[in-house]
Amino acid sequence: MSRKIAKEPKKVNISSSLESEDISLETTIHTDDVSSSEEREGKVKITRQLIERKEILHNIQLLKIELSQKNMMIDNLKMDYLTKIEELEEKLNDALHQKQLLTLRLDNQLTIQQKDAKKYQELMKQEMETILLRQKQLEETNHQLREKAGDVRRNLRDFELTEEQYVKLKSFPEDQLSIPEYVSIRFYELVNPLRKEVYELQVKKSELSEELSTSKGQLKQLTEYFPHVHL
């Protein structure tokens, strides 16, 4: 009786041991499955994060490249604009320099023309004064000659000869001439040159009058062309 009782506890222990081993095995197997699933999920999550990170880095790199290209384009445009600005400034400076030279040259030419015009006007004025003085002298001389001729004509009217009469009387010797004939010859020789001189003076007076009129017209034109130059 005591042996059977002693054997039964051994059976119970074996079965308990087996059951505990089964439970332990099941527990171990279940725990390993959970860990593998979590690891897989973790790896998938890490892989997705890496992919997203790589995509972000790639996009950032593309943006950097695009930004660098745009900066390069901006720099090139900036250089082009600076070059064009320098060229325009250089052209502007050249144009201003040319303008200064032309203005200076024009001022010099205008000054020279004004001086020449003033000299010419002064010369014309002197010539006009000379012409007026000469005309006045000729008029006085002409007046004096007219008075002398009138006196001679009034006093010696009876002794006037025509050219034919003068030639005829001049052909005779002086000792054969009467006193009136001799006086007539001398009167003709005196008066005829005076008449010629009066005629020449009249012609000269007419020419001087025309020349004076022309000079006045030229002086008037110069005065209108250069109003700032006063005589």
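Me: What share of the contacts in the protein chain with a separation of 6 or more comes from residues 24 or more positions apart?
Reply: That share is 75%. Bear in mind that this is a predicted model.

Me: How do you know how confident the predictor is in the protein chain?
Reply: Look at pLDDT, which is the predictor's confidence on a scale from 0 to 100. The mean for the protein chain is 77, with 74% of the residues at 70 or more.

Me: Why is Leu 208 called buried?
Reply: Buried means under 20% relative accessible area. Leu 208 has a relative accessibility of 7%, so Leu 208 counts as buried. You'll find Leu 208 in helix α3. Across the protein chain, 12% of the 231 residues count as buried.

Me: Which residues does Leu 208 touch, leaving out those up to four places away in sequence?
Reply: Ile 131, Arg 134 and Leu 138. A contact needs heavy atoms within 4.5 Å. Take Ile 131: 77 residues separate it from Leu 208 along the chain, yet their C-alpha atoms are 7.1 Å apart.

Me: What makes a group of residues a nonpolar core, and which residues form the largest one?
Reply: The members have to be buried nonpolar residues joined through side-chain atoms within 4.5 Å. Nine residues form the largest such core: Met 128, Ile 131, Leu 138, Leu 145, Val 198, Leu 201, Leu 208, Leu 212 and Leu 219.

Me: How many cavities of 30 Å³ or more does the structure hold?
Reply: One. The largest cavity has a volume of about 40 Å³.

Me: What lines the largest cavity, and how does the lining split by class?
Reply: The lining residues are Glu 160, Leu 161, Phe 187, Tyr 188, Val 191, Asn 192 and Arg 195. Four count as nonpolar, one as polar and two as charged. Glu and Arg belong to the charged class, while Leu, Phe, Tyr and Val belong to the nonpolar one.

Terms used:
Residues are numbered from 1 along each chain as its sequence is written. This is a predicted model: local features need pLDDT of at least 70, side-chain atom pairs count only at pLDDT 80 or more; totals for chains, interfaces and linings use all residues. Side-chain values use heavy atoms; hydrogens and water are left out. On a 1 Å grid over the protein atoms alone, a cavity is a set of points where a 1.4 Å probe fits but cannot get out, and a pocket is an open set with protein on both sides within 12 Å along at least five of seven lines; lining residues have an atom within 4 Å of a point. Grid points are joined across faces, edges and corners, and a volume is the space filled by probe spheres set on the points. Buried means under 20% relative accessible area, exposed over 50%, partly exposed in between (1.4 Å probe, protein chains only). Helices (H or I, at least four residues) and strands (E, at least two) are DSSP runs, numbered from the N terminus.
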